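Work through the exercises below with the model open beside you. Try each task before you read its solution.

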Amino acid sequence: MLAFTLRRAIQAIGVMIAVGIIAFSMFRFAGDPVNQMVGMDTSGAERAAIRKSLGLDDPVLVQFGRYIGNAAQFKFGVSYQFRLPVTNLLIERMPATLELAIVATIFAMLSGILMGVYSALRRDSWLAHVFQAVSLIGISLPTFLIGVLMIYLFSVTLGWLPSFGRGDVVQIGWWTTGLLTLSGLKALIMPSITLGLFQMTLIMRLVRAEMLEVLRTDYIRFARARGLTTRAIHFGHALRNTLVPVITVAGLQFGSVIAFAIITETVFQWPGMGLLFVQAVQNVDIPIMAAYLMMVSLIFVTINLVVDILYTIVDPRLRSTVSRAH
Amino acid sequence: MSVGRSLYAATLAGVLALAVSPASSQTLRYANQGELKSLDPYTLNESTTSAHLGHVYEGLVARGKDLKIIPALAESWEIPEPTRWRFHLRKGVKFHNGDPFTADDVVFSAERVRAKGSNFLSRVPADAKVVKIDDYTVDFILTSPNPILTALWATWYIMDKKWAEANDAVAPTPAAATTPSYASLHENGTGPFVIESHQPGVKTVFKPNPDWWRKPEHNLKEIIFTPIANPATRVAALLSGEVDVIEPVPVQDIERVKASPNATVLTGPELRTLFVGMDQARDELLYSNVKGKNPFKDVRVREAVYRAIDVDLIKNRVMRGLSTPSALMVAPEIFPSKDFARPKFDADAAKKLLADAGYADGFEVTMDCPNDRYVNDAAICQAIVGMLARINIKVDLLAQPKAQYFAKVLKPGGYKTSLFMLGWTPDTLDSQNVLHDIMGCRDDPKDPNRGEANLAGYCNKQFDKLADKVLVESDATKRDQLIKQAFEISMKDWAYVPLHQQALAWGVSKKVKLTQGADNMVRLYWATKQEE
């Protein structure tokens, strides 16, 4: 077990290094950061001095060594745009993104499971068809379009919800939360639906398929034969057995919810890490780009690692195949 | 602040906001596509940043509503001899922390703005001496006459010497700062507003300065600035009344905003001139199928390109009427263009010129173009590609985001372009800047900064001589004559193809009255918002 965990951890480090290398090679095509840092009519000598002090004139290998060395110590330097330490900026923006991602995931789980169960139990009802249509929209329409459409409906036309930002936030230690104010809660509605819609669709379809599968199994038939109530069969037995893969998928998807928040945050001007990243790309702010990419890959790698380990604990068969394979 | 107190404050603020929201009419919410990145007024020489900081900082001079230079921290000035300017400072002015404004602060600011790391080095000539005569008199002693010394000073903001020294901010925050500086997160100006809170890239709150020396023209009790990068969201926020002023409004949304019940669009010509340039410096173009020679060195080819581009069509189709075709490389507000007519669009004449030059069958060339810098930039270039195709010049368009585009075509990238589109606003609001930076010869041994942004490599020594005379001529009429002669030479050389001045488009709530300046600087200290 320990050997397995270690092996997985080493693989995870390998993935992180690979991400670092790919990210570094991409920065070389992102453009010249100096142009974004000074005014148009800045003289060549001034620009050269800035390039030099940023170390952009060093040989590629030296730059790469410095970059990997700093990244390994989680030293990401100072943002080119804001002249603030990148770590501080990310920590400042992190609560916004995490809050959005968590609310979006909860929304996706709750409504996805409810809709999935309903459409599995009442397959031919009109509401089930509506759910199917909604899920088709959720899976096929791009996020930014849904976001913009919602803004036009709920902010511009009806005037119910704010079109941008986080509303009023409350500071608790280093964390800021919008969950404690009315305007903060209102501001969360549209972004979290936009962000969670895809996951909701996924979960709904998964629950529906799993439910239909489980309802056909022998133990459900036996439960029926024993004369248990339909309610107990559906929710006590069928749904509970459906939830294992659903939770796995939702857990694995949490990483991509954080990563895909980039688009939602851009549409709603949500002051999170994704928005920071998009603006960093536009302004060739390499320190922020590097830190964000490393952080997102760390989240992905960690989630996968945890899931892998949990699997082997839950399912001994996996453990034996793993040890036999090596 | 403790958790309990901040919770209480937030709840209270929430309750208050609910209770008094209709009366919060004098809070003005402003959204711009860009963010306010640093509060240090010497870090980034860019007009949006300068406009933001102009609410808290002031220069010795300012620009009035007609963009004319007016006195600000300097009450008056005179030029006793051509190389000596004497400024009489305003008395009784206080910085936001209460420090009095004196000549020491001007001398200090003149040193700081010229120090290493400042992006405003050209504000005060490097060899000028700044001498304090008494507490309210300062002399600027120049090595050569400079009639437009104050032209850039409306955005040379005066800082407090004592405050800078106390907070370790004597040196300007350089663009490549590796440690955060106090001055980039805090302000201490003399201006009409103070910054109450500043979250870089998220939100900045301005409150009026009760001790401002001028009588305020605004009726605001607060300005809340938020960047909204996404154009659709920005327009939606204006239409839904969540913000009062947005800049810019995308061209395709202007009609919709105008048709809405609660907002309108202020449009006007901007000072920026967009133009097309052709590499006429290299002996062989970098990106063309013509080898061994450079077709753009032939004046007939340049004229052909000029005449093949139909600026009126670009105005009507691409810009939806919101552009002013231009004959000159500067806007009419900067230099009156009534003596100049733009040579007529004439595709047949262009074809004939190309044939005379030996390119009857045309040639191929790559055009560089930004796609996120100017209004409809990539669409303009696309239109030009089509127009040049009609005279058999086959253009391969390379439209890129500004980060990549500027890295390729500007001087540090080695001017790697054969045909390009660029926009330029002389920040002095004076023609001399264009004559020197865009049209002056590159590689002048005496003046290495000449032609810095001359991506086309146009070079005419006679033209440069005129530009040098313009620099030192103090007599306004003679000076205008010289500028006119210079522009005539460049037109005869078909040096560049000026296209147009794009239009400004600010989205403004119908409750707000605002003065729009052609320099595209949003000045909210002239804004009034009507009570609800």
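UniProt positions are given in the numbering used here, feature names are shortened, and annotations may be inferred rather than shown by experiment. This is a predicted model: local features need pLDDT of at least 70, side-chain atom pairs count only at pLDDT 80 or more, and totals for chains, interfaces and linings use all residues. Residues are numbered from 1 along each chain as its sequence is written, while chains are lettered from A and ligands numbered from 1 in the order in which they are written.

**Exercise 1.** Find where UniProt places the feature "transmembrane region" in chain A.

Solution. 
- Start with the record: the unreviewed UniProt entry puts this feature at residues 12-30, 100-121, 133-154, 174-198, 243-268 and 288-314 of chain A.
- Then turn to residues 174-198 of chain A: 68% helix and 12% strand, with end C-alpha atoms 31 Å apart.

**Exercise 2.** Decide whether I195(B) is buried or exposed.

Solution. 
- Locate the residue: I195(B) sits in strand β8, residues 193-199 of chain B.
- Recall the rule: a residue is buried if 20 or more other C-beta atoms, placed from the backbone, lie within 10 Å of its own, exposed if 12 or fewer, and partly exposed in between.
- Count: I195(B) has 23 C-beta neighbours inside 10 Å, so it is buried.
- Compare with the chain: 50% of the 532 residues of chain B count as buried.

Technical notes: Helix = DSSP H or I, 4+ residues; strand = E, 2+ residues; numbered from the N terminus.
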